[in-house]
Amino acid sequence: HEEKIATAWRAQVADDDIVLVPGDLSWAMKSKDVLPDLAWLQALPGQVVLVKGNHDYWFPRTRRKRSSLFDDWAWALYRNAHVIGEYGFVGGRGVTLDTAEVTDVASWERDLEKQLGHVQASIADLDARPDQPRHRIALLHYPPTAPGKTSSPFTDLFEAAGVELCVYGHLH
C-alpha cells in the first residue's frame, strides 16, 4: 500500500504544500525503529505537521528528541505549536470522547485532563509568539467531539483560541 500512497502523494503534493498527519504514522515501538518509516515520509514532497496517535509508541516526548528525528523536514506537535507562513498549528493526541468505549472512567478522566493540558500548552506556545499567524489550525488524533455531539472541552478550547479548522484521524 505504501507505493499507492507515495504515487498519489507525489501527484498531488508540491514541495511547498503543507501535509497534516493526525497520528498513527508508524507501528514502531521505539524511536530507532521508526527511522525507515520517517525516511519514506521524508522522501515525499511537502512540509509535514503531525501529532501523536494512539499507536505511535515511538513518539518522543522531549523537544530535543523530536528535533533529532525530524531535523526540520517535519514538525511534531506535543505541548508546542508550529508556524508555517500564515498558518499556525496547535494540537495533540486528544482522547476518545465516545464514552461508550470507556471502560475505566477514572482513568479516562485523568487522560482527558492530561490531553487537555497538552492542547492548552500548544495553544499557549502559539499565543506567546510575537508574529501571530493569520490562520489557526488544530490537529487531534481522536475526533474533537463524541458521535452526535457538536461541542466538547477540546472544541471549547479551540473556539476560545480562534482555531478555524480542526483536522483529526482515528477513523477506523
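Buried residues are those with under 20% relative accessible area, exposed ones have over 50%, and partly exposed ones lie in between. With that in hand, let's look at the salt bridges of this predicted model. The count comes to 5 salt bridges, and three of them are described here.

Arg-93 has a relative accessibility of 17%, so the residue counts as buried.

**Glu-86 and Arg-134.** Here the closest N and O atoms of the salt bridge lie 3.8 Å from each other. Two loops are linked: Glu-86 sits between strand S4 (82-84) and strand S5 (87-92), while Arg-134 sits between helix H4 (105-127) and strand S6 (135-140), and the two residues are 48 residues apart. Glu-86 is partly exposed at 34% relative accessibility, whereas Arg-134 is exposed, with 62%.

**Asp-127 and Arg-136.** These side chains also meet in a salt bridge, at 2.8 Å from N to O. Asp-127 is partly exposed, because its relative accessibility is 44%. Arg-136, at 11%, falls under the 20% cut-off and therefore counts as buried.

| Salt bridge | N to O distance |
|---|---|
| Glu-86 and Arg-134 | 3.8 Å |
| Asp-127 and Arg-136 | 2.8 Å |

Notes. Residues numbered from 1 in each chain as written. Predicted model: local features only at pLDDT ≥ 70, side-chain atom pairs only at ≥ 80, totals over all residues. Heavy atoms only, no water. Salt bridge = Lys/Arg side-chain N within 4 Å of Asp/Glu carboxyl O. Helix = DSSP H or I, 4+ residues; strand = E, 2+ residues; numbered from the N terminus. Buried < 20%, exposed > 50% of the residue type's maximum accessible area, 1.4 Å probe, protein only.
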